[in-house]
Amino acid sequence: MELDSRKFKILQAIIRNYLETGEPVGSRTISKYTDLNLSSATIRNEMADLEELGYIIQPHTSAGRIPTDKGYRLYVDNMMEDKANELDSRKKEVEDLKTFLIEKVDKVEVLLQNVAKLLADNTNYATMVTTAKSNKSRLKFIQLSLIESNKLLTVIVMDGNIIKNRMIDLDTVIDSETVLKMNILLNSTLNGLTLEEINLSIVSKLKNQAGEHIDLIKKVIDVVADTLSDEDDLEIYTSGATNIFKYPELSDSSRASELICTFEEKELLTNLITDSLNEDGQKGIQVYIGNETPVKTMKDCSVVTATYELEDGVRGTIGIIGPKRMDYEKVVENLKIVKEQLDTVFKK
């Protein structure tokens, strides 16, 4: 059985009405809601077909119908296609976001925290924003600085101007001239390389040229390797978790508790972020409905994510989490505009 245009219009009407009310939708409501001029009996027959096809379900006897994950997926896919080149209808709702992003860029961390809050306020859903990361970070610069005669501060700059500081305790005393020589040696050999490209041949070359300071080079290489492969530095900023309680289908004690814990502990969110960043290199909008999300505690939610970019290969995630009956159009348009503004800000 194919989903013809009439069935699709009825499905759209059911979903849009359910998005607004959160209540099961009956045939009489649809007869008033659409411009199809169909009788309630005809609409009931079409709804029966939609139910058989798996696009809607009847939660209990004598109730109207509500969309299934399959129904939402068809609706969202068509909406994304229709709206691919249209952003004008709701841009005014996020003008404050654009102004904020353009005018206030003191610290990246503060900027991302405020983006999460503004999105939560604007959508009435829960939000998250992550710092940027790269699966193949390249080393841009190393700076060794002598703090004490046997203690070095190692500053490592990676793609996206991501900076990491590490302290190294030395077994022997060294002077400033030695530190300068080691800086030149390390930067001339390692700059522009990923962890995978720092192979045994390069390490052996460094050790040979280090002479009596081979132990220092070993320690610096270990620090560089740990930094380039470090997965623990990903920061996730969240906001609006209590917005969950505004939606009856998510606000019962067990579901709400699970979701709040997910936002507070944040560890589970890394699965969603990894999935979003690795989605075939996608840089656009991803929509996860119900069981499509990699986070089990969000199986009753929809999650919409966008990827912003610091520079090629260095990306972060913006996400909005709400009920499956979320206002997808508003959410997608918010994310597109915020993503565009972040890309602009970071690439100034």
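In helix H1 (residues 5-21), Arg6, Lys7, Ile10, Leu11 and Ile14 meet Thr42, Glu46, Met47, Asp49 and Leu50 of helix H3. Contact means heavy atoms within 4.5 Å. The model is predicted: local features need pLDDT of at least 70, side-chain atom pairs count only at pLDDT 80 or more, and totals for chains, interfaces and linings use all residues. Residues are numbered from 1 along each chain as its sequence is written, and side-chain values use heavy atoms, with hydrogens and water left out.

**Exercise 1.** Describe how H1 packs on H3.

*Solution.* 
- Step 1: Two packed helices are described by the angle between their axes and the distance between the axes.
- Step 2: Axes are lines fitted to C-alpha atoms, for helices over the stretch in contact; angles run from 0 to 180 degrees between N-to-C directions.
- Step 3: For H1 and H3 (residues 40-52), the angle is about 90° and the axes are 10 Å apart.
- Step 4: The two helices are therefore roughly perpendicular (65 to 115 degrees).

**Exercise 2.** Check the length of helix H6 (residues 108-123), then list its buried residues.

*Solution.* 
- Step 1: Helices (H or I, at least four residues) and strands (E, at least two) are DSSP runs, numbered from the N terminus.
- Step 2: The expected span is 1.5 Å times one less than the number of residues.
- Step 3: H6 has 16 residues, so it should span 22 Å; its end C-alpha atoms are 22 Å apart, which agrees.
- Step 4: Buried means under 20% relative accessible area (1.4 Å probe, protein chains only).
- Step 5: Leu111, Leu112, Val115, Ala116, Leu119, Ala120, Asn122 and Thr123 are the buried residues of H6.
- Step 6: Just after H6 comes Asn124, with a positive phi of about 65°.

Definitions and conventions
Buried < 20%, exposed > 50% of the residue type's maximum accessible area, 1.4 Å probe, protein only. Parallel < 35°, antiparallel > 145°, perpendicular 65-115°, else oblique.
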